[in-house]
Structure formats: structure tokens, C-alpha cells
Amino acid sequence: MLTAASTLAARSGARVVGDSMAAAASSPLLVLHPCVTNASRRFHQSLASSSYLHKNAMQLQRAHRWMQCKARLYARHLLTVAALHAATLKHRSALMERSLKPAEWSNWSRKEWSDELLKTLGSTKLARLWSATVRLGQLTLLAAPLLCMLPLSLVSQRATDYIWSYALWGIEQAGPTFVKLTQWATTRQDLFSPEFCSYFGKLRDETNGHSWKETLQILQSQPQLDYLEHVDINPTPIGSGCIAQVYKATLKHAVGQYPAGTALAIKVQHPHIWQKVCVDFYLFDKLSHLLESLPYLNLKYLSLTDTVRQFRDIMLPQLDLTLEMKHLQRFNRDFCNEEQVKFPKPIEQLTSELVLTETFISGKPIMEFTKDNVPFAVKNELAYLGLNTTLKMMFVHDFLHGDLHPGNILIGYNDRNKLVMNLLDCGLVVEVGPEQHVNMIKILGAFTRRNGRLAGQLMVDTSRDCQAGPEDVELFVQGIELICVEDEEHNFIECIGDYVADICMLACQKRVKLEASFINMALGIEIMEGIATKLNPDIQVAKVALPMVLQAEVMHRLPKFSLW
């Protein structure tokens, strides 16, 4: 209103000035009359007043325009802030979504298998002792010929070849526990000879199975599922592992979301293996207690008993194929957004404790890609893909595939002609739980930053049974710090096998009890690292591991650290 009034006043003043000047020019008599002089004075005063009003009006207009520009700038600033805030929220929500803790941690608890194991062996100590004695006698009979033939290997190559063949046969006859341990050993070429890894590596691809007649008996023993009415099974097995053997089949009619004709893999458990595995772990538990009780060796600080129990707790669930079905469901959920990592999809309607039905996945064994005729770009992509998948299972999901030997990794291509890593046989998994997982992340995070003192102190603080005195604790921490200083040119993840060996020796010397979860996870990294280095010897493990460690620290809301 003020601006409009000022503008109107200025325009009116201009018109008055124009009319007065025109009148003075047209009548010279008016200049001589006294009244004209007074009128002229009044005219000049009004002219000055009009100029003042005009000047103020211009200033007010400029002020008004400045206020309008300021309002526009402020509105633009508000819009920019709102856009940045929305983008930040979107980024934070995406980061938080990637860093969400596993849903299973909300009511996580470790199942105790001791009661079921003891129930299988017998209700009394005498019955358990008898079962253990019989099993020990069977293992002794298998090992005795091998021990007798060992001296002959020094004088005859033919005897050496026969010893290797008998050892392979003996391990298969010993049962799933020993086959699984040998499969793991063949992936550790840093601990065992190339001849050992090459010969026993056959167990990763194939083991002796059972007959088709026994398979039919198992299928028919569960009439509630009526497998033969739903599927058409090829009686020739396509593979056999230490727990079960696999047949290829097709659906006769639609089941759930799967139409008729869907290719299936049916996994049938070997008969009578539950008793063997339970007795084996009973013997291992007693043996680990015996070794830890030996004086002066301080072996109990290696957590041998805890390690045996963890191995038992991840081995026994493999004997219930409904648990493997649940593992597959979780793996498929965890990697649903990963187009280059796939798992078989279980069919719940056709799965029981002894039989698992899942979608069929084809591909080439990963070791086929280690040959010289495979392009380096393909090898390099597979090496980083496998390592990234393993570390994500460990650091982000706390659900590690515990049986990642090369026989369980098939490589294929998707519709976009991109490499796909298919992971099979998911019965064996490693899961440490929220408390141990955060401890492991703290320790590994300190190691990757070469903070040996912090890593050593955390290993002492998280130990559940540390009997070391203050001096031993300080010497242990200094020893861990020295390990990091001496290997300053390397990264912990790059040389994890050497680190673990040195840490175990130091723990025994200083009587610091190590957590079994830390050792198991470290060995899990080492197994996949062994496969990755066969594909690319120059692979940079830290390049993949460090972002995973940082993401795990965000997930646990740990204090922020600098990278180095």
C-alpha cells in the first residue's frame, strides 16, 4: 500500500509541474503580477516536495524488491535444505538397512545337543562306555593295517600307493565325522603336504554311497509324504557326500509355486549314521578333556573342548535335513539381492528329517576355473566374488556356510551372461550369536588396523576362563603387539593362517584362554582364502575385508575408528 501511494504521489506531482510550466509560458502577464510571484514560490516548494516524495518512492521500491529477492532466496534455501535432508534420510535408511542386525538375534539361543547325544549312546554310564568301546574297537581295526604297512612305504613305491588307497577307503568306512575332517584338511595346503591334499581331495567330490534299495526303504518309511507319487526319480545317484547322496528327479505335478516338470535334486541321508556321529563326538569330547588336563602343556587355553563342542553343534544338525531346509531358506533371504550368488530353493512339502527336496542347480566345479586356459579376468572375478560372499556371511549375517570346500561350489551364468556362484550342501553352518559376534568384530577390527595392544587386551577381556595373572596378561598383550609390528608390511586378513598359529602358541605360553568362535571364524576365512588364492595368487583380501569390518562395526554401533 505504501509503495502504491508513493508511486501515485510522484506521478501526480509530475503532472502538476507540467501543467504549471505550460500555463506560465502561455501568459507572460502572470510573471509581472505579485500574485504570480507568490504562486511561483509555492510552485517551487511543491516541486521540491514532489522530488522528495519521488526519491523516497524509489528507495521504497528498491527495498521492496530486495525483500522479495530475500524471500525468494530464503524459500530456495529452505527447498535446498529439505532436498538435502530427504537425500540424507534416504542414504541413512539405505545404510541402516544394509547394517541391520540379523533378525534371529532377537531371540537367539544355542541349542544344547549333549542330552540328545547321551540319549543315543545309552541311559547309563555303563551303556555309554560300551558304545564308546565298540566304536573305538572299530576305529582301531581300521587304523591297525595302515600302521603295519607304513614301514613298507620306505622300501616300495607299490606299497606306498596301496597305503594311500587303503587310507582313503578307511576314512570313508570310518564315517561322516572323519570324512568331514579330511575334507577340511585338504583345503589347508599350508598345513598338509600337496600329496595329502591331492589324494584325499577326492573326498570333496565323491564318497561311497548306499544302494537304491536302501534309498527306496528310506522313501517308503515316510508314507505321510508319499515321494514316489509326487516325483519321478532317476535311480542313478548324481553325487554322494558324507551325510547323504543326491538323485536327480522331476515333479510329476505342480507342488506349491513349482510347476510340473521342475527339475529337482533329492537328497537322501545315508542309513545308520546318527549312531556313528554321536559316538565319535562323545570320544572327541573325552579326548579333548584328557589333553587339556595334561600338566605343563597348557592345552586348555586353546579351547579344545569348546572347539569340539562347536564342531558337534554344527555337525549334528546336518543329520536332520529339515534344518538344512531352514538354512537354505535363510541363505536365500540373506542373498536375495545378490544376482551372482545363488542357493537351491527347498520344497517344504517334500522334505523330512531323512529326505530333502530342492531345486536342481547345474554348473561347473569351481576348480575347473583354476586351469591355465581360463582367462585371468574370469579367475579374478570368481576369487573376489567368493571372498566377498564368505566375508558377508561372517561379518554381516553371522551365518557362515561351514562346508565351503570346492565340491560344494558350482559356477554358472545367468540370463545376462554374468558369472554366478552356486553354493550347495548348506547343512553345516557356523553361527556364533550376538555376544560373540561383537567380540569377534572388535578383535578383527583392531587387528586390521594393526593395533596389536588393543587386540590383545580385547582377547583377554572377552575370555570366559582366563586364569593368567597380571604379568602374563601384559606379556600376552605385548606379544600380540609384537606380532603386528613384525608383520607391519602385511595385513591381518592377508596372513590370517600365520597369525592364528602364532596367537595359539602365545595363548598356551601365557595361559590366556582363546574363544573358540574366534578360531573357527578365522579358519573359515582361511579356507575360502585358500580357494581364492588358487584362482588369483595376488588377491588383496584386505580390499574386501576392511569394508565388511566397518559395516559390522556400524551394525553393532561400535565407536568410530580411523582406518589406520
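## Exercises on a predicted model

The second largest pocket has a volume of about 710 Å³. Keep in mind that we're working with a predicted model here.

**Exercise 1.** Describe the lining of the second largest pocket: how many residues line it, and which lie nearest its centre?

*Solution.* Start with the count: 33 residues line the second largest pocket, and Gly239, Val246, Gly407, Asn408 and Leu424 are the ones nearest its centre. Next, look at which elements give two or more residues to that lining: helix 7 (176-185), helix 9 (202-205), strand 2 (239-240), strand 3 (244-251), strand 4 (263-269) and strand 6 (355-359). Helix 9 supplies the largest share, 3 residues. Finally, sort the lining by class, and you get 13 nonpolar, 11 polar and 9 charged residues.

**Exercise 2.** Work out how helix 5 and helix 12 are oriented to each other, and which residues make the contact.

*Solution.* For two packed helices, you want the angle between the axes and the distance between them. The axes of helix 5 (residues 125-149) and helix 12 (residues 274-293) come within 10 Å and cross at roughly 95°. Angles of 65 to 115 degrees count as roughly perpendicular, so helix 5 is roughly perpendicular to helix 12. Now for who touches whom: helix 5 brings Arg128, Ser131, Ala132, Arg135, Leu136 and Leu139, while helix 12 brings Gln275, Lys276, Val279, Asp280, Tyr282 and Leu283. By class, the residues of this contact split into 6 nonpolar, 2 polar and 4 charged.

**Exercise 3.** Asp398 and Asn417 each have a positive phi without being glycine. Place each one and decide: buried or exposed?

*Solution.* Take Asp398, with a phi of about 50°. You'll find Asp398 in the loop between helix 15 (376-397) and strand 8 (400-401). Its relative accessible area is 0%, and buried means under 20%, so Asp398 is buried. Then Asn417, whose phi is near 65°: this residue sits in the loop between strand 9 (409-413) and strand 10 (419-423). Asn417 has a relative accessible area of 59%, so it counts as exposed.

**Exercise 4.** Locate Lys534 and classify its accessibility.

*Solution.* Lys534 is part of helix 20 (residues 516-535). With 33% relative accessibility, Lys534 counts as partly exposed.

**Exercise 5.** Zoom out: how many helices and strands does the protein chain have?

*Solution.* Count 21 helices and 11 strands. Of the 564 residues in the chain, 46% are buried.

How values were computed. Residues numbered from 1 in each chain as written. Predicted model: local features only at pLDDT ≥ 70, side-chain atom pairs only at ≥ 80, totals over all residues. Heavy atoms only, no water. Axes fitted to C-alpha atoms, helices over the stretch in contact; angles between N-to-C directions. Helix = DSSP H or I, 4+ residues; strand = E, 2+ residues; numbered from the N terminus. Parallel < 35°, antiparallel > 145°, perpendicular 65-115°, else oblique. Contact = heavy atoms within 4.5 Å. Nonpolar A, V, L, I, M, F, W, Y, C, P; charged D, E, K, R; others polar. 1 Å grid on protein atoms, 1.4 Å probe; cavity = no way out; pocket = protein on both sides within 12 Å on 5 of 7 lines; lining within 4 Å. Points joined across faces, edges and corners; volume = space filled by probe spheres on them. Buried < 20%, exposed > 50% of the residue type's maximum accessible area, 1.4 Å probe, protein only.
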